[in-house]
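This briefing covers one protein chain. Please look over the sequence and the model before reading on.

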Amino acid sequence: KFQHAGKRLSGLVFPLSALRTESSPGCGEFPDLAEAAEAAASWGFELAQLLPVNDSGSEESPYFALSAFALNPIFIRIADLHELRDEGAATLLSEARGLVARFGGSERVPYRQLRAAKMELLRKVWDFAGAAGARASGGRASGTEAPDAWTEALDAWIEANPWSKAYSAF
């Protein structure tokens, strides 16, 4: 049922961590896949196979996945997050861009250090987004008040992805 049955194709196989660009802090990130696909196509390749990108926690091996669904946060380009488009996010955006300067020159992927730095920054982005949602809803905290759009979107995503509750608890 392979759409190219009978035709030989050429391609590349690579770990996402190897796709470093000028915007990458020590390892490739999800947006780097677009540049890799463009380069592969320009070289005449028809396929690209990506090694696993699932969350492996503190383990460096992409084959030590903690979840079949959760993606490894080390591959998130934090500076591209929608939450950092808010004018009040300049400090976080600067910190996200600072990861490139801090880890970008590493010859090897500084996995544990980069993951720890990204997780710390992602927690700050989470807190900022929650606070921005509270500001937008007139300062309501949580409880019996009507939920804001940010909370509604998160609740809808969790509802559509039931695996996320068990994974988060894990």
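A salt bridge here is a side-chain nitrogen of Lys or Arg within 4 Å of a carboxyl oxygen of Asp or Glu. By that test, Asp-32 and Arg-77 meet through their side chains in a salt bridge, with 2.6 Å from N to O. The model is predicted. A search of the whole structure gives 8 salt bridges.

**Salt bridges**

- The Asp-32 and Arg-77 pair links distant parts of the chain, 45 residues apart. Asp-32 sits in helix α1, and Arg-77 in the loop between β2 and α2 (90-103).
- Asp-32 counts as buried because its relative accessible area is 1%, under the 20% cut-off. Arg-77 is also buried, at 12%.
- Asp-55 and Arg-115 form a salt bridge, with their closest N and O atoms 3.2 Å apart. This pair links distant parts of the chain: Asp-55 lies in the loop between β2 and α2, Arg-115 in helix α3 (residues 111-136), 60 residues apart. Both Asp-55 and Arg-115 are buried.
- Arg-112 and Glu-60 form a salt bridge, with the closest N and O atoms 2.8 Å apart. Here Arg-112 of helix α3 is linked to Glu-60 of the loop between β2 and α2, 52 residues apart.
- Arg-112 is partly exposed, at 45% relative accessibility. Glu-60 is partly exposed too, at 48%.
- Glu-29, Asp-32, Arg-77 and Lys-118 belong to one network, joined by salt bridges that share partners.

**Strands and crossover**

- Strand β1 (residues 11-14) pairs with strand β2 (residues 47-50) in the parallel sense, over 4 bridges.
- Val-13 has Gln-49 in β2 as its bridge partner.
- β1, helix α1 (residues 32-42) and β2 make up a right-handed β-α-β unit.

- Asp-32, Ala-36 and Ala-40 are the buried residues of α1. They lie on the same side of α1, because they cover an arc of only 70 degrees around the axis.
- An α-helix has 3.6 residues a turn, so residues three or four places apart point the same way.
- Glu-38, Ala-41 and Ser-42 are exposed on the other side of α1.

**Nonpolar surface patch**

- Phe-64, Leu-66 and Phe-170 make a nonpolar surface patch of about 330 Å².
- Phe-170 is in the segment after α5 (163-169). Phe-170 counts as exposed because its relative accessible area is 65%, over the 50% cut-off.

Note on methods. Residues numbered from 1 in each chain as written. Predicted model: local features only at pLDDT ≥ 70, side-chain atom pairs only at ≥ 80, totals over all residues. Heavy atoms only, no water. Pairing = 2+ DSSP bridges. Helix = DSSP H or I, 4+ residues; strand = E, 2+ residues; numbered from the N terminus. Right-handed = clockwise from strand over helix to strand, strands pointing away. Patch = residues over 30% accessible without salt bridge, like charges linked within 9 Å, V, L, I, M, F, W, Y side chains within 5 Å. Areas by Shrake-Rupley, 256 points an atom, 1.4 Å probe, with all protein chains shown as cover. Buried < 20%, exposed > 50% of the residue type's maximum accessible area, 1.4 Å probe, protein only. Arc of directions from axis to C-beta.
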